[in-house]
Amino acid sequence: MDSLDNKAVIVSDKYRIECLSATTFPGALRVIKEAFCQDEYVSIGSEVNKNPIAAEELLELCADAALDGVSLVAVTLSTEEVVAVAFNKIQVQSTSESEKPFFEIFAEERCTQESSRSLIQFMANVDGRCNLFEKYGVDCSLEIMFLATLREHRKQKLGTLLCKYSVEIARRLRDGPIAEIAVRDLGPNYSMIKSREPVETYPKICQAIWTSKGSQKIGEALNFTVHLTVPLKEFIFEGKSYSERIGDDSAFCEVVGKALY
């Protein structure tokens with residue numbers, strides 16, 4: 001099987017990729033907490049890796065994004081453990097210049113920690129430097145927001161597979177929702193999140209911010225176009241640049257896009 005027609009696809013004798021559900025949601029958050037919040041370059045640069053409360057605020061961002069019904073997980077066939085995740089977000093072009101982007105609003109209204117606010121403002125800043133809606137002449141995109149794999153399951157190409165099927169999900173949204181998920185599916189910790197209003201359009205592009213060499217290689221393999229490169233040393237948290245904390249002065253991120261039609 002090589003399509004997500006049934007919301008799942010067997011990709012090897014060890015793993016399957018499937019749409020995020022109420023069952024896999026807790027495991028997906030665990031992957032973000034243990035992998036993304038500890039090992040991701042921008043998590044280190046903003047010291048989210050040292051701040052458990054900031055990490056919890058990123059989990060709330062993931063819970064909010066989950067309501068778009070376009071996130072994917074990799075699950076082991078033997079134990080049903082969630083070992084990798086792509087939390088994806090549907091982004092719709094602003095209808096007015098005064099309307100703030102989703103990430104900017106989240107950072108201002110729902111982050112209490114400087115670490116989590118710094119990371120999400122980084123995302124808003126970089127997205128804002130390269131308007132992919134204008135570049136592609138479209139009104140809606142699917143953004144691969146947070147991509148992570150547990151350490152013991154890396155080098156299995158799960159990140160590549162999650163991105164590949166995220167593109168497929170984005171294309172299929174033209175025909176309607178794929179795997180709807182509701183606030184009640186997120187559990188009591190996230191009952192305060194507002195229900196998602198139906199989107200009146202559908203993605204015409206897939207976009208991402210690749211922040212590591214690993215994700216940049218994935219983008220190259222899947223033929224994403226690099227539209228902007230930004231050095232991570234431009235971003236400062238509490239007097240030190242992201243690249244200084246990462247330990248790589250040459251570290252950079254890429255803003256990438258891929259037309260779906």
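This is a predicted model: local features need pLDDT of at least 70, side-chain atom pairs count only at pLDDT 80 or more; totals for chains, interfaces and linings use all residues.

Colleague: What makes the contact between Arg 110 and Glu 60 a salt bridge?

Modeller: The side chains of Arg 110 and Glu 60 come to 3.0 Å, N to O, and since the cut-off is within 4 Å between a side-chain nitrogen of Lys or Arg and a carboxyl oxygen of Asp or Glu, the pair is called a salt bridge. Arg 110 belongs to helix H4 (residues 102-110) and Glu 60 to helix H3 (residues 52-66), so this pair ties together parts that are 50 residues apart in sequence.

Colleague: Why is Glu 60 called buried, and why is Arg 110 called partly exposed?

Modeller: Glu 60 has a relative accessible area of 15%, and because buried means under 20%, the word applies. Arg 110 has 26% relative accessibility, which lies between the limits of 20% and 50% and is therefore partly exposed.

Colleague: How do you know that Asp 64 also pairs with Arg 110?

Modeller: The closest N and O atoms of Asp 64 and Arg 110 are 2.8 Å apart, so the pair meets the requirement of within 4 Å. Here too distant parts of the chain are linked, with Asp 64 in helix H3 and Arg 110 in helix H4, 46 residues apart. Asp 64 counts as buried at 4% relative accessibility, because the limit is under 20%. Glu 60, Asp 64 and Arg 110 are among the members of a network of salt bridges that also includes Asp 68, Lys 89 and Arg 196.

Colleague: What makes Glu 168 and Arg 172 a pair separated by about one helical turn?

Modeller: Both residues lie in helix H7 (residues 158-172), and being 4 residues apart there puts about one helical turn between Glu 168 and Arg 172. Their closest N and O atoms are 4.0 Å apart, and the pair is listed as a salt bridge. Glu 168 counts as buried at 17% relative accessibility, whereas Arg 172, at 23%, counts as partly exposed.

Colleague: How do you know which residues line the largest pocket?

Modeller: A residue counts as lining when it has an atom within 4 Å of a pocket point, and 41 residues line the largest pocket, with Gln 91, Val 92, Lys 100, Pro 101 and Phe 102 nearest its centre. The pocket holds about 1300 Å³ of space, and H4 gives the largest share of its lining, 6 residues. By class, that lining has 16 nonpolar, 9 polar and 16 charged residues.

Note on methods: Residues are numbered from 1 along each chain as its sequence is written. Side-chain values use heavy atoms; hydrogens and water are left out. Helices (H or I, at least four residues) and strands (E, at least two) are DSSP runs, numbered from the N terminus. Buried means under 20% relative accessible area, exposed over 50%, partly exposed in between (1.4 Å probe, protein chains only). On a 1 Å grid over the protein atoms alone, a cavity is a set of points where a 1.4 Å probe fits but cannot get out, and a pocket is an open set with protein on both sides within 12 Å along at least five of seven lines; lining residues have an atom within 4 Å of a point. Grid points are joined across faces, edges and corners, and a volume is the space filled by probe spheres set on the points. Ala, Val, Leu, Ile, Met, Phe, Trp, Tyr, Cys and Pro count as nonpolar, Asp, Glu, Lys and Arg as charged, and the others, Gly among them, as polar.
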